[in-house]
Structure formats: C-alpha cells, structure tokens
Amino acid sequence: MSLTITPLSAALGAQIDGIALGEPLNIEQRDAIEQALLKHQVLFFRNQPLNPQQQAAFAANFGDLHIHPIYPNVPEQPQVLVLDTAVTDVRDNAIWHTDVTFLPTPALGAVLAAKQLPAFGGDTLWASGIAAFEALSAPLQQLLDGLTATHNFIKSFPVERFGSTPEDLARWEETRRSNPPLSHPVIRTHPVSGRKALFVNEGFTTRINELEEAESEAILKLLFAHATRPEFTIRWRWQENDVAFWDNRVTQHYAVDDYRPNRRVMHRATILGDAPF
Ligand SMILES: O=C(O)CCC(=O)C(=O)O
Ligand SMILES: [Fe+2]
C-alpha cells in the first residue's frame, strides 16, 4: 500500500490515503507523515477505527504525549482525552484557538478521532498561521516580529463553566495556580521547517506586552480577524472514524457549535511540544 497525499486548499490541509493508522508505522511511513504535516499543517485520514491504545501509539510516533489538566480522559489510556458533549461542556472550543498556549511548551500537535457524530453540524476548521503571516504587509511583519504576547488559561476556561462542582473547582484552582499567565513570541518560527507563523490566538492571547493597552487591543483585534480569513482556513466535515492530525505550532482551529443538543464524541491524543521562539 502506498501513501497518497491530496492537498485540500491553498493554505493548509491534505487528505492522506493508503495507510492504516491502527498498525505500527514503519520508518518510511512515519517520515512521510511528518513531512506531509510540515507541508500541509493539518492531515485528514478516513476510515481509521482506532481504539484509545492505537490512537496513543500512533501519536507517540511524533513525541511524548500530554495529559490535559481539565478535560476527562479514557481511564485505561489517560493520554487520550474525551470530548463528549454528554459529559463535558465543549462550547469553549467554538473560538479560534491554538491548544494549550497557556503552557510554556504548548503542544506540538494533536490527533483527533471522530467517535460519534451528530446527524449534521460539528465541523472543525483550521487556519494556517504561516499563510496569515505571509499575507501581512512587510511593515506590519517587521513590527510584530520581536514582540511578545501574554497567554492566559482563564480566557478559555472560565470558572463559571469549569468549576461547577467542588471537585471541578479544586482542579480548576490548581490548574490556575500552576499555569500563571505567560508570554510567547507574536511571530513564531517553526522549529523544524523554519517557516514563520502568526502565533496569537483569540482563545488564550490577552495582550501584546510591548504595546500600550489600547494599541494592543486594536492590533490583536486586527490579527484575530486576519488570522482566520477564509483564505487561510480549511473546514472539515467529519465522518465517523475520521482522524485529523494537526501541527499546533503553526495553526489554530475552531470547533463549530451548531449541533446541540445532539451528542458528539471525539478522542484526542496531544503531543508535547517545545518552547516557541
Ligand atoms: O471537537 C473538535 O472538533 C475540536 C476540539 C478542540 O478544540 C480540540 O480537540 O483541541
Ligand atoms: Fe483545541
């Protein structure tokens, strides 16, 4: 079986066929997927009925796995978290965000599998920070390159939604204590490809540190709108057992909240990343 890579849009996204992710990858397959990820930033695979162990094993080809501080996980495979609308309020994923940028070393990427889908809705969109950066004018690129921004966990995990039981509140308090607001560069250089990407996201970014408050607010507003222009995005219509694998270093994503009260269940394995520069 040989791998086929079909690009899906100019900015990002490719569908990969000719591979069974539930089986151990050989080196050639692993490297081909990594190269495709660097180029296309988000990869989609159809018909991959992975159990949590297989999903974690696939993700672990690309790095060590992260255990999320807030979301519930599969008890026998805690590296796989469960986004089940019957269990967790996932509405806060309906905002453009890059995962866990409130950490000093945000995720390298994540592998998301569709387990149970509503009859309609529940698409996910991704946007390329590389395309967004490259489309900025040279003067704005120069202004932003070298600036830093604050990222804050609380912006996407409000206590009203994540602290409703005493147990949840204790976990939320502990997560807040161990994840104080921190700074990342506004323009990030991909550690492998060397490409530059816009690295602020509406989910977690609260302030461009070196600017006056009003300047920061106006420029972030501009950047959040710019980063998610349709030209820089791809929208995926899920089928059961689809798997998406995204490069979280240079993309952001948005889970469309248009199917409640129907149930949607996704499993995610998250790969640890390194400090942005
Ligand atoms: O449910 C989705 O489609 C994506 C949710 C999300 O933001 C994530 O898994 O990081
Ligand atoms: Fe996310």
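How many aromatic pairs does the structure hold? Show the rings of Phe, Tyr and Trp, and there are 17 such pairs to find. Keep in mind as you go that this is a predicted model.

**Stop one: two aromatic pairs**

Select Phe62 and Phe245. Their rings form a tilted pair, with 4.9 Å from centre to centre and 50° between the planes. Colour by sequence position and you'll see that the pair links distant parts of the chain, 183 residues apart. Phe62 sits in the loop between helix H2 (52–59) and strand E4 (65–66), while Phe245 belongs to strand E15 (residues 243–247). Phe62 is buried at 10% relative accessible area, and Phe245 is buried too, at 0%.

Now jump to Phe102 and Phe157. This pair is edge-to-face: 6.2 Å between the centres and 85° between the planes. Phe102 is in the loop between strand E6 (77–84) and strand E7 (109–116), and Phe157 is in the loop between strand E9 (148–151) and H5, so the pair ties together parts 55 residues apart in sequence. Both Phe102 and Phe157 are buried.

**Stop two: the iron ion**

Pick ligand 2, the iron ion. Which residues coordinate the iron ion? Look for His97 and His253, each through NE2, and Asp99 through OD, at 2.1 Å. Along the chain, the donors follow the spacing H-x1-D-x153-H.

**Stop three: the cavities**

Next, look inside. There are two cavities of 30 Å³ or more. The largest cavity holds about 130 Å³ of space. Of its 13 lining residues, the closest to the centre are Leu83, Asn93, Leu112, His253 and Ala255. By class, the lining has six nonpolar, four polar and three charged residues.

The second largest cavity has a volume of about 100 Å³. The lining divides into five nonpolar, four polar and three charged residues.

**Stop four: the largest pocket**

Where is the largest pocket? Select Ile70, Pro72, Val87, Thr88, Asp89, Arg161, Phe162, Ser164, Asp168 and Arg171, which line it. Helix H5 (159–162) and helix H6 (166–178) are the elements that each give two or more residues. The volume comes to about 230 Å³, and the lining has four nonpolar, two polar and four charged residues.

**Last stop: Gly273**

Finish at Gly273, in the segment after E17. Is Gly273 buried or partly exposed? With 23% relative accessibility, Gly273 counts as partly exposed. Leaving aside neighbours within four places in sequence, the contacts of Gly273 are Thr105, Pro106, Ala107 and Leu108. Draw one more distance, to His66: the two C-alpha atoms are 9.1 Å apart, while the residues are 207 apart along the chain.

Key:
Residues numbered from 1 in each chain as written. Chains lettered and ligands numbered in written order. Predicted model: local features only at pLDDT ≥ 70, side-chain atom pairs only at ≥ 80, totals over all residues. Heavy atoms only, no water. Donors = N, O, S within 2.8 Å, 3.2 Å for Na, K, Ca; no water. 1 Å grid on protein atoms, 1.4 Å probe; cavity = no way out; pocket = protein on both sides within 12 Å on 5 of 7 lines; lining within 4 Å. Points joined across faces, edges and corners; volume = space filled by probe spheres on them. Helix = DSSP H or I, 4+ residues; strand = E, 2+ residues; numbered from the N terminus. Nonpolar A, V, L, I, M, F, W, Y, C, P; charged D, E, K, R; others polar. Buried < 20%, exposed > 50% of the residue type's maximum accessible area, 1.4 Å probe, protein only. Contact = heavy atoms within 4.5 Å. Phe/Tyr/Trp six-rings, centres within 6.5 Å; stacked < 30°, edge-to-face > 60°.
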